[in-house]
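Please keep the sequence and the coordinates at hand while reading.

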Amino acid sequence: MSRVKRKKIVFLTKKELAEAMADYTATLSTKFCKERDYFTVVLSGGDLISWLSDLLEPKYLESIEWSKWHIFWVDERVVPWDDKDSNYKLAIDGFLSKVPIPIANIYAIDQDCAALGDAKGAAFLYEKCIKRLVNQNIIRTYKSSGFPQFDLQLLGMGPDGHMASLFPGHYQIKEKANLVTYIINSPKLPPKRITFTLPVINCASYNLMAVCDEAQADAVAKVFEDNYDLPAARLTADTEAIWYLDQAAASKLPIGH
C-alpha cells in the first residue's frame, strides 16, 4: 500500500492540541459526509476521549452531521461493557452519550464475549461486523488489498511505544491475514484484548496519533528515529499520518526535527 511521510505538529498545551483535534475531525467529517454520506471514525482509549470533548462545543454540535457518523474501536479490552477498563464505556460516558450519533452506528465489542472474557470470539465477531459493513458500502475498501479503509482513526501511544493493542515483541504486530486479532497476555492490564491488525490500521485514509506528557517522550523520540521495534513507528496511512504532540511529549526530539 502507499506509504505517506509521517508528519507532526507540536502544541504548547494539551488544550491547544484538543482544539486542533476537534477542528481536524470536524473538517474531515464535512469532507466525507459530502463525498459519500458516511464518516467512519475509529477511536482508541486512554486520554483521547477527554481530548475529544472539544467537539461538544456548540459550533461543532450544530454543524456536524452526526447521523452520518459510524464509530469503531481500534482496540478494546475484553471486559464487560460497564467495566471501568472498557474503552466503550469510556467513550460513551465521556463523548458518545453527548452527541446525536444513532446507537445503531456505534459498533462495540460483542457484549456476551466481553462479559465472558472470550477474546478469540470477540475478535472473530468484530471482524465479521466489519466485513458486513464493507458489504453494505458503509466502510470503503483499500483499492489494492481489499482491506477495509476507515476515514479517520484517532490513536494514542503508550510509553513502551505500543499502539492499539499491538505491543513490542508480541507476534500480533506481524498478523497480516486477519482484520482483527486478539491478545490474552497483554503486558498492560487487563490482559485480554482485541485489536485491529497493522494492515487495517495503515489502510485508513487519515491517522491522527495524539500523544501528551513526558512519560511518552522517549518513545516519541524513538518513533521519529524510525525504530520499528516500536509498533507506533510503523504507523502510516493512505492520505495522511500526522502526530499531534504536546511540548512534554516532544521534549526528547532533536531541535529542528
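Does Phe150 count as buried or exposed? At 0% relative accessibility, Phe150 counts as buried, where buried means under 20% relative accessible area, exposed over 50% and partly exposed in between (1.4 Å probe, protein chains only). The model is predicted, so local features need pLDDT of at least 70 and side-chain atom pairs count only at pLDDT 80 or more, while totals for chains, interfaces and linings use all residues. Residues are numbered from 1 along each chain as its sequence is written, and side-chain values use heavy atoms, with hydrogens and water left out.

Phe150 lies in the loop between S6 and strand S7 (152–155); helices (H or I, at least four residues) and strands (E, at least two) are DSSP runs, numbered from the N terminus. Not counting residues up to four places away in sequence, Phe150 touches Thr40, Val42, Phe72, Ile130, Ile139, Arg140, Phe196, Val200, Ala204 and Ser205, contact being defined as heavy atoms within 4.5 Å. Pro80, by comparison, is 70 residues from Phe150 in sequence and 26 Å from it in space, C-alpha to C-alpha.

Helix H6 (residues 119–135) has 17 residues and reaches 25 Å from its first C-alpha to its last, close to the 24 Å expected at 1.5 Å a residue; the expected span is 1.5 Å times one less than the number of residues. In the loop between H6 and S5 is Asn137, which has a positive phi of about 65° although it is not a glycine. Asn137 is exposed, with a relative accessible area of 57%.

UniProt, in an unreviewed entry, places the feature "domain: Glucosamine/galactosamine-6-phosphate isomerase" at residues 13–243; its positions are given in the numbering used here, feature names are shortened, and annotations may be inferred rather than shown by experiment. The end C-alpha atoms of residues 13–243 lie 15 Å apart, and the span is 34% helix and 17% strand. Within helix H1 (residues 14–36) is Thr25, which is buried with a relative accessible area of 1%. Leaving aside neighbours within four places in sequence, Thr25 is in contact with Phe39, Leu55, Trp69, Leu152 and Leu154.

The largest pocket holds about 360 Å³ of space. A pocket is an open set of points, on a 1 Å grid over the protein atoms alone, where a 1.4 Å probe fits, with protein on both sides within 12 Å along at least five of seven lines; lining residues have an atom within 4 Å of a point. Grid points are joined across faces, edges and corners, and the volume is the space filled by probe spheres set on them. Of the 24 lining residues, Gly45, Gly46, Gly156, Met157 and Lys188 lie nearest the centre of the pocket. Lys188 lies in the loop between S8 and S9 and, at 41% relative accessibility, counts as partly exposed. Leaving aside neighbours within four places in sequence, Lys188 is in contact with Arg77, His162, Phe167 and Arg193. Pro190 also has its place in the loop between S8 and S9, and a cis peptide bond with omega of about -5° joins Leu189 and Pro190.
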